[in-house]
Amino acid sequence: MRGPVGGPIDDPARAAGPGAVSAIQRLTGWRRLGLAWLAGALGALAMPPYGILPALAVSLAIAVWLQDGAVSGRTTLGRFRPCFLLGWAWGFGYLTAGLWWLGQAFLVEADEFLWALPLGVIGLPFALGLFYGAGFGAAGLLWGRGPARIAALAFGLGAAEWLRGHVFTGFPWNSLGMALAQNLWLMQGAAVIGLYGLTILAVLICAAPATLATGSHPRSRFGPSAAAAIVLVGMALYGAGRLGPPDPVVTGVRLRLVQPNLPQDAKFRPENRADIVDRYIELSQRPVEAGEPPPTHIVWPESAFPFLIQRDPDALARVAAGLKAGQHLITGAARAEEPLPGERLRYFNAVMVIGSDGVISDSYDKVHLVPFGEYLPAPLDAALRALGLRQFVAIPGGFSAGALAAKRILTVPGLPPTAATICYEAIFPGAILPAGPQSAGLILNVTNDAWFGDTPGPRQHLAQARLRAVEEGLPLVRDANTGISAVIDPHGRIVARTPLDQETWLDADLPARIIGGTLYGQFGDAAFALMLAACLGGAVMARRP
C-alpha cells in the first residue's frame, strides 16, 4: 500500500511480538516521550565510569520499538515530526543522565552561579537533544519493517553525533561510540574508524536485539543479533591481536606529573599566589624512589597560577630556581598579549615551556574554548556584567582563542614534538594533529577538572582523552589539578595514574609512538563516512518495492 505523499507505508507497530513490545509500539503522546526519556537515561549507564554495554542495548531496543509506533500509519514525510520529538526526548534523557555532574561547577561559587545551574543541568541536554531529534527524524524517513531499520537508526544517530561534535564549536562529550571505547580490546577499533565509526557500530550492535521481538522470519528475527555478536567478537579478536607486549619507551625521558589538588574556590585567589607556587615547587622536588632516575620534565596542570607569570619576573625566577639544571617545566598558565591601538588587552589560556634558566621558550594558546565558561560574545558579556553577573572565568570578555590550531605543536627540549591540548580540547577526535599524522610524538593534555569534584565528569574526561591515544597511535600525558592524571601508551593502556582528589605526583617513563601511525591518524573520518553511506544505502535499498 502507498501513502498519498512520499512513498510506501510500513506498519511495524502491527508486527507480531510479545505483548509488552506491542504495548510500547502503541504508545502515543506524552507516554511515548516519557518512555523515550527514561530509555535514553538508561542508555547513559553505558558511559564511563559505569560501562554497562547492555544498558545501551535495552535503551536502543526500546527506542526502535517506539520508532515503530511513531511511523505507523504515516506517510514518509509525515513521519519526521513524531520521530523528531521521540529522538529529542531520548537524547534529552540520555544527556541529562550522562551530564548531570555539570551542576557541580555552578556550586563552586554558588553565590554567583547558582542561578545558572538549571541552564547547565537541564538547558544544555534540552538543546543538545535536538541533534538526536534530527537523527531519529532522518531515520524515520528511511524506516522499514525489517532489520534494515537498524541501519536507518545507525545512519541517523551516526550523522547526529558527528554534527553534535562540530556544529556551534561542537560538544562530542559521551558520544555513543564511547560505549565500545572502555574495553581495551574493543577500543582498538578506533585506530581504524575513530570515535564516530565506533558510534555507528555501537548503534548497529546495541539496537540489533530489537528484532528478536519483532521479526516475522527466523532470519530477520535472529540474523541482526547474530551479526552483532560476530562483529563484537571480531572487534575483540582484532583488539587482542593488536595489543602486543608493552610499548617501548623514549630513552632519556622521565616525567613527573604534579597533581596539587587545589580547591577550585581557592585556586584563582591572588592572595594565595605564594602558597600555590610553593606547593607546586615542593611537589616537583619530592625525592624519587630508590633506583629510579630523576625527572627530566615536570608537568603542571591547566591554569596553574592565579596571576600572569609571564609578567611576574620574581615568580618566574622562583619557579626556575625550583628546577634542576637541564630540567624543563611544561605548565598551564594564563597569558596576556598587548593589544593593538584601540583594542582591549587579550588573554589566552595557554601551555608554556619554561627552562631552568627562567626563559619561556615556547607556548600554545588554547584554540577550542568552552562557550559560556571561557568566553562569551561581547554583547552577552556586557549584558551579564550590567546585571552584576559574570561568566566562570573572571576576565572581561573572557579568553581569546588561539590563532591557529597548527601552532598546537610545542617544542620541548628533550621531548618528541608535543601536541598540546588544554582541558576539553582532548575530547575532539581528529583535532589533535592538524599538521598531519607525522607531526607529533605525544599528546599532552593539561586540565583542571576541580570544577566537577568527585563525580563521573573527571572519569569521563580521562576516558575520552584516552581514546585519542588509540586513534592517533600516540602516547598521552595527562596532568589534572585534582586528577585523574595519567600516562597512557599509544594502545590505550594506562601505564600509570593517580587517584582522584589527592595531592600527589606521578613519575613515569614516556611510551614511544607507534611507528607509521594509524589508519585513523592518516585518513581521519574517511572510514566513518563510508560506514555512514553504507547504512544509508542499506536502508534505502530495503525500502524499494
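The following is a working chat about the fold of this predicted model.

Q: What kind of model is this, and how are residues numbered along each chain?
A: The model is predicted, so local features need pLDDT of at least 70 and side-chain atom pairs count only at pLDDT 80 or more, while totals for chains, interfaces and linings use all residues. Residues are numbered from 1 along each chain as its sequence is written, and side-chain values use heavy atoms, with hydrogens and water left out.

Q: How many helices and strands does the protein chain have?
A: The protein chain has 17 helices and 12 strands. Helices (H or I, at least four residues) and strands (E, at least two) are DSSP runs, numbered from the N terminus.

Q: And how much of the chain is buried?
A: Of its 545 residues, 57% count as buried. Buried means under 20% relative accessible area, exposed over 50%, and partly exposed in between, with a 1.4 Å probe and protein chains only.

Q: At what angle do H4 and H7 pack?
A: Helix H4 (residues 80-99) and helix H7 (residues 117-142) pack at about 140°, and their axes are 6 Å apart. Axes are lines fitted to C-alpha atoms, for helices over the stretch in contact, and angles run from 0 to 180 degrees between N-to-C directions. The two helices are therefore oblique to each other; angles under 35 degrees count as roughly parallel, over 145 as roughly antiparallel, 65 to 115 as roughly perpendicular and the rest as oblique.

Q: Which residues make up that contact: nonpolar, polar or charged?
A: The contact of H4 with H7 has 20 nonpolar residues, 7 polar and no charged. Here Ala, Val, Leu, Ile, Met, Phe, Trp, Tyr, Cys and Pro count as nonpolar, Asp, Glu, Lys and Arg as charged, and the others, Gly among them, as polar.

Q: Where is Gly137, and what is it in contact with?
A: Gly137 is found in helix H7 and, at 0% relative accessibility, counts as buried. Leaving aside neighbours within four places in sequence, Gly137 is in contact (heavy atoms within 4.5 Å) with Phe80, Cys83 and Phe84. Gly137 and Arg81 are 56 residues apart in sequence, yet 6.8 Å apart in space, C-alpha to C-alpha.

Q: Changing topic, what is the strand order in the open sheet of 6 strands?
A: The order is E5-E4-E3-E2-E1-E12, with mixed pairing; two strands pair if DSSP finds at least two bridges between them. Strand E5 (360-365) and strand E12 (504-511) stand at the edges with a single partner strand each, so one side of each is left without a neighbour in the sheet. The twist averages 30° from one strand to the next.

Q: How many bridges join E1 to E2, and E2 to E3?
A: Strand E1 (residues 249-259) and strand E2 (residues 297-300) run parallel and are joined by 3 bridges. E2 and E3 also pair in the parallel sense, over 4 bridges, with Val299 opposite Ile330 in E3. In strand E3 (residues 328-337), 9 of its 10 residues are buried.

Q: Is Ser303 buried or exposed?
A: Ser303 is buried, with a relative accessible area of 8%. Although not a glycine, Ser303 has a positive phi of about 45°.
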